[in-house]
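Here is a report on one protein chain.

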Amino acid sequence: MTGPGTPAGKGGDTAPATLRAGRFPFFVAARALSVFGDMAAVAALAVHVFQGTGSGLALSGLFLTRLLPRLFGAFAGALSDRMDLRQLIIGCDILSAALFLVIAVVQPSYLLLLLLLLVSESAATIALPASRTMAVRALPAEARTRANGALMGGITVGFALGSAFGGLAVGLWGFEVAMFVNVATFLASAGLTALMRRTPPLPRDGAAAGVLSSTARGLRTLRSDRRLLLLAAGLVVVPFGAGLDRAALVQLTQQDLSAGPLGYGLSLGLIAVGALLGSVLTGRWRKLDATAKVFLGGVAIQAVGHFAIGVSPWFSALAVATLMVGFGNGIESVCGLTLMQQRAPAEMVGVVMGVVMSATFLADALGSMAGGPLLDLVGARWTFMAATGVMVLCLAIIARSGLMRDDGDESPSPSAATAGSAAGPAGPGKG
């Protein structure tokens with residue numbers, strides 16, 4: 001039987017039983033439901049705001065309100081490092097449910113709506129690094145790849161289905177239905193998370209008491225570990241490249257390949273399907289263990305996929321390429337998350353995750369902003385070539401990180417292994 005420091009895929013495969021013993025499937029279901037409701041609400045609110053104002057500027061304000069709190073992920077991560085994750089996530093879910101209930105019942109003015117969304121997104125920002133830290137607190141090391149694969153797979157399903165439901169709901173029944181659904185999913189998420197065992201903060205070796213001091217300490221740790229820093233940089237470069245060709249996919253499907261809106265929607269769906277497959281297979285198939293080589297392979301698959309989209313002469317070829325992009329993204333996401341958990345000191349995983357997530361949101365936004373002018377300047381196909389170049393740059397960053405040399409010894413750092421031992425299948429504080 002494997003021990004806490006044994007990587008997934010080595011020795012007996014006890015990960016499924018460990019996940020059940022650690023009650024992690026409840027958590028996966030909780031996050032999938034939360035994302036489903038959130039994306040349904042976002043899609044419905046976007047349509048509602050545009051119908052009510054007819055203004056693209058008003059839509060920009062809506063999306064900017066969602067983005068701003070995400071830039072403070074380091075502070076949110078420091079909170080998760082210092083609190084019981086279960087209690088923190090439950091509190092964020094209940095607060096968000098109350099805020100969306102107010103939106104559904106009161107139907108506030110535009111400015112009040114933005115204020116309510118700002119508070120809700122702040123709660124979501126706090127919950128995000130906490131959810132990515134849960135596997136470190138609740139499970140031993142050998143189960144984390146499987147756990148992260150299940151978590152990212154559930155989030156992918158929630159994201160895709162929630163976006164589709166939100167658009168459908170606002171068209172058939174009004175935006176209030178999507179708001180009430182979001183309230184229900186937040187409450188269901190809180191209830192499922194409550195079924196998890198306690199996940200108290202890990203012992204800290206003389207760390208300062210304040211959140212600001214904890215944040216600063218985590219940032220110093222990230223900056224001082226060159227391999228961890230370059231891995232984080234690689235994780236940030238990928239969403240910049242993906243954002244860069246987002247507008248180009250619209251033009252390529254609807255104009256260049258004459259596939260129309262249905263073709264664009266199908267392309268997005270295939271990306272989601274590919275991401276789900278990549279997430280679920282990572283950790284289940286021994287050749288897709290969370291190693292630097294597999295992580296690098298996930299990015300390489302995305303680079304090939306972006307290039308293939310750019311040169312696709314028919315929509316059928318583009319469809320295969322979008323599936324490839326999603327598959328590579330699923331592998332990269334799960335392996336990147338697991339490698340960060342292994343590399344970062346266990347008591348500071350939240351801060352590191354928060355920093356990476358803030359940078360990821362910002363990179364995606366900047367890529368989307370740059371993609372429009374680039375599309376007008378060089379056209380859709382060359383925009384995809386530029387995105388491919390960004391992915392190749394990411395490959396170079398990861399190759400220089402030195403992580404490839406760690407593949408011969410994938411055991412987590414001593415602090416991470418200690419965390420796994422303390423938070424094994426019996427759960428923290430249980431025996």
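## A buried alanine and its surroundings

Ala 303 has a relative accessible area of 7%, so Ala 303 is buried (under 20% relative accessible area; over 50% is exposed, and partly exposed lies in between, with a 1.4 Å probe and protein chains only). This is a predicted model, in which local features need pLDDT of at least 70, side-chain atom pairs count only at pLDDT 80 or more, and totals for chains, interfaces and linings use all residues. Residues are numbered from 1 along each chain as its sequence is written, and side-chain values use heavy atoms, with hydrogens and water left out.

Ala 303 sits in helix α13. Helices are DSSP runs of H or I with at least four residues, strands are runs of E with at least two, and both are numbered from the N terminus. Leaving aside neighbours within four places in sequence, Ala 303 is in contact with Thr 388 and Met 391; contact means heavy atoms within 4.5 Å. Ala 242 is 61 residues from Ala 303 in sequence, yet the C-alpha to C-alpha distance is 9.9 Å.

## Helix α16 and its partners

Helix α16 covers residues 380–400. Its 21 residues reach 31 Å from first C-alpha to last, close to the 30 Å expected at 1.5 Å a residue. The expected span is 1.5 Å times one less than the number of residues. Buried positions in α16 include Phe 384, Thr 388, Met 391 and Cys 394. The buried residues of α16 pack against α10, α11 (246–256), α13 (292–311) and α15 (349–378).

Pro 239 belongs to α10, which runs over residues 226–244. Is Pro 239 buried or exposed? Its relative accessibility is 13%, so Pro 239 counts as buried. Not counting residues up to four places away in sequence, Pro 239 touches Thr 360, Ala 363 and Asp 364. Met 391 lies 152 residues from Pro 239 in sequence and 9.3 Å away in space, C-alpha to C-alpha.

Helix α7 (residues 144–172) has 29 residues. It reaches 41 Å from first C-alpha to last, close to the 42 Å expected at 1.5 Å a residue. Just after α7, Gly 174 takes a positive phi of about 105°.

Rings of Phe, Tyr and Trp (its six-membered ring) pair if their centres lie within 6.5 Å; planes under 30 degrees apart are stacked, over 60 edge-to-face, and the rest tilted. By this rule there are 5 aromatic pairs. The table gives two of them.

| Ring pair | Centre distance | Plane angle | Class |
|---|---|---|---|
| Phe 36 and Phe 165 | 5.6 Å | 35° | tilted |
| Phe 100 and Phe 186 | 6.2 Å | 25° | stacked |

Phe 100 is buried at 2% relative accessible area. Phe 186 is buried too, at 6%. Ring pairs also link Phe 36, Phe 165 and Trp 173 into a cluster.

## Cores and a buried serine

A nonpolar core is a set of buried Ala, Val, Leu, Ile, Met, Phe, Trp, Tyr and Cys residues joined through side-chain atoms within 4.5 Å. The largest has 55 residues, and those touching the most other members include Phe 24, Met 134 and Phe 295. Helix α10 gives the largest share of this core, 7 residues. A second, separate core of 24 residues includes Leu 59, Leu 62, Val 183 and Phe 186.

Ser 80 lies in helix α4 (residues 73–82). Its relative accessible area is 0%, so Ser 80 is buried. Beyond neighbours within four places in sequence, its contacts include Leu 85, Pro 129, Arg 137 and Gly 350.

## Whole-chain totals

The protein has 17 helices and 0 strands. Of its 431 residues, 54% count as buried. Among contacts with a separation of 6 or more, 86% join residues 24 or more positions apart. The structure holds 0 disulfides, a disulfide being a pair of cysteine sulfur atoms within 2.5 Å. Cys 92 is buried at 7% relative accessible area, and Cys 335 is buried at 0%.
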